[in-house]
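Here is a short briefing on a few backbone details and the annotated segments. Have a look at the model first, then read on.

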Amino acid sequence: MTAPLSTGLPGGAGTAASDPGDAVPAPDAEAPASPWRLTWSRLRRRRIALVGLAIIAFFVLTAAFAPLITAVSGHGPTDTDKKSVDPYLGGLPRGTLGGVSPSHWLGVEPMLGRDVFARLLYGAQVSLLVAFSAALMITLIGVLLGITAGYFGGRTDTVISRFMDVMMSFPSLIFMMALLSVVKDVNRVLLLIVVMSLFSWPYIARVIRGQTMSLKHREYVEAARVSGTSSARILFTEILPNLTGTIIVYVTLAIPGLIGTEAGLTYLGVGVRPPTPSWGQMIADSALYYKVDPMFFVLPSACLFLVVLAFTLLGDALRDALDPKGSRT
């Protein structure tokens with residue numbers, strides 16, 4: 001008696017003597033990618049986002065390693081070189097392009113002869129430190145008050161929301177200038193961080209409040225509440241993780257505004273004060289020399305422009321990548 005012919009299907013399917021138990025199990029399906037992996041995948045496909053990220057990384061690294069880099073160049077941010085300026089020409093730098101030379105890679109400042117390259121590096125430290133620190137304070141205050149108001153509602157929401165309205169009604173720039181002008185003999189960098197944070201947190205708080213009001217009615221939050229989970233645990237383990245994308249996008253878009261605010265306040269003379277280097281301070285000083293020494297004006301302005309542009313591009317790309325309906329994949 002001859003054996004039945006096989007049809008060639010996997011596992012011997014289609015044969016008279018086949019046993020369902022002998023079928024070869026199908027390989028496990030590939031696990032779905034995490035939301036953050038999907039976000040990074042979308043982000044990588046946007047070249048403009050990678051350009052912005054590269055510019056940010058460049059300035060962050062140069063600011064972090066400013067002491068090492070200036071040690072190689074041989075000039076600190078407060079070192080003066082009187083030989084590099086011409087006293088008979090009103091203190092203008094000797095040579096072309098603002099005094100560019102093997103000793104001064106990007107030239108020198110008029111009058112004092114301070115190295116522009118060193119002051120740009122240390123100015124990046126101040127601008128990024130103020131912006132990142134203020135963004136951190138804004139996020140902590142805004143997220144804490146926003147999720148509290150949105151989750152508990154009622155009188156708690158009323159009190160916090162009215163407080164947000166009051167803070168947002170202030171003309172922030174004028175009050176920043178007033179506070180920075182009145183307070184003296186303190187660390188100006190720390191004062192800038194506190195003052196900028198004081199008038200900026202309500203904006204993220206209002207966004208987080210609205211998102212929390214939507215999330216608190218989701219099934220998993222209701223299930224946690226019914227099971228007896230405390231409100232604090234629900235806020236920090238159920239609601240806050242689902243707000244991470246919104247917070248990251250908001251902070252990324254807020255940082256360029258904070259950098260510009262710091263530079264503007266310093267330009268107006270109420271921010272960082274000499275001899276501490278700052279891009280805003282360099283731009284203010286260069287206003288007197290932009291016709292005869294344009295490089296002194298162009299370099300800090302270009303640095304400020306590039307950093308603000310990079311954060312803006314990255315923030316826009318992150319917003320699209322974290323929003324599948326809005327992303328162009």
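M111 is partly exposed, with a relative accessible area of 44%; here buried means under 20% relative accessible area, exposed over 50%, and partly exposed in between (1.4 Å probe, protein chains only). This is a predicted model, in which local features need pLDDT of at least 70 and side-chain atom pairs count only at pLDDT 80 or more, while totals for chains, interfaces and linings use all residues. Residues are numbered from 1 along each chain as its sequence is written, and side-chain values use heavy atoms, with hydrogens and water left out.

**Backbone angles**
- Most residues other than glycine have a negative phi, and most peptide bonds are trans.
- M111 has a positive phi, near 75°, and sits in the loop between β2 and α4; helices (H or I, at least four residues) and strands (E, at least two) are DSSP runs, numbered from the N terminus.
- L97 is not a glycine, yet its phi is positive at about 55°.
- L97 is found in the loop between β2 (92–93) and α4 (116–152), and L97 is exposed, with a relative accessible area of 54%.
- From P274 to P275 the peptide bond is cis, with omega near 5°, and P275 belongs to the loop between α11 (244–267) and α12 (279–286).

**Annotated segments**
- The unreviewed UniProt entry annotates "transmembrane region" at residues 48–69, 126–151, 163–183, 189–208, 239–259 and 295–318; such annotations may be inferred rather than shown by experiment, and positions follow the numbering used here, with feature names shortened.
- Residues 163–183 are 86% helix and 0% strand, with end C-alpha atoms 24 Å apart.
- Residues 239–259 are 81% helix and 0% strand, with end C-alpha atoms 30 Å apart.
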